[in-house]
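The structure is shown first, and the description follows.

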Amino acid sequence: MFGTDLEVIIHDWSNPKASIIAIYNGEVTGRKVGDPTSDVGLKRIKGEIEPDTINYLNKTPSGDLLKSSSLSIRDEKDKIIGGFSLNWKIQKFQDLMGLIGNYVTVEKKSYIEESESFFHLKPEE
């Protein structure tokens with residue numbers, strides 16, 4: 001659906017040192033099954049941050065921009081036992097926005113009103 005730019009991860013936080021139990025497109029962040037949770041995951045386990053973090057700016061280890069979301073997985077007693085995370089590479093979109101910005105950026109000139117009068121002088125005048 002999103003090609004190779006979207007990483008999907010399921011964590012089992014009963015073992016934070018090897019919490020990744022499923023991953024799709026792990027090349028986005030360079031992780032694989034058996035790798036540990038992230039620093040954000042550790043903070044969530046410790047209750048230092050909100051249980052669900054949606055739409056936050058992140059970066060890959062190589063510096064590419066990511067749009068990330070992480071949701072908690074809970075057991076029947078509402079205890080957080082894992083996480084479901086999405087990391088979407090948005091660097092291409094950021095680059096495209098910059099390119100488009102080059103074409104749509106304009107400068108306001110004090111000596112030109114909001115629009116020119118293109119037919120100010122008639123040919124017969």
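Rings of Phe, Tyr and Trp (its six-membered ring) are taken to pair if their centres lie within 6.5 Å; planes under 30 degrees apart count as stacked, over 60 as edge-to-face and the rest as tilted. On this basis, a search of the whole structure returns 1 aromatic pair. The partners are W88 and F93, in an edge-to-face arrangement with 5.7 Å centre to centre and 70° between the planes.

The model is a predicted one, in which local features need pLDDT of at least 70 and side-chain atom pairs count only at pLDDT 80 or more, while totals for chains, interfaces and linings use all residues. Residues are numbered from 1 along each chain as its sequence is written, and side-chain values use heavy atoms, with hydrogens and water left out.

Accessibility is classed as buried under 20% relative accessible area, exposed over 50% and partly exposed in between (1.4 Å probe, protein chains only).

| Residue | Relative accessibility | Class |
|---|---|---|
| W88 | 25% | partly exposed |
| F93 | 43% | partly exposed |
| K59 | 55% | exposed |

Of the 125 residues of the protein chain, 22% count as buried.

Helices (H or I, at least four residues) and strands (E, at least two) are DSSP runs, numbered from the N terminus. The chain holds 2 helices and 5 strands, in the order β-β-α-β-β-β-α from the N terminus on. Its radius of gyration (over C-alpha atoms) is 24 Å, well over the 14 Å that the globule rule gives for 125 residues, so the chain is more spread out than a compact globule; the rule is 2.2 Å times the number of residues to the power 0.38. Along the principal axes, the C-alpha atoms fill a box of roughly 85 × 30 × 25 Å.

K59 lies in strand β3. Beyond its neighbours within four places in sequence, K59 is in contact (heavy atoms within 4.5 Å) with D64, L65 and L66.
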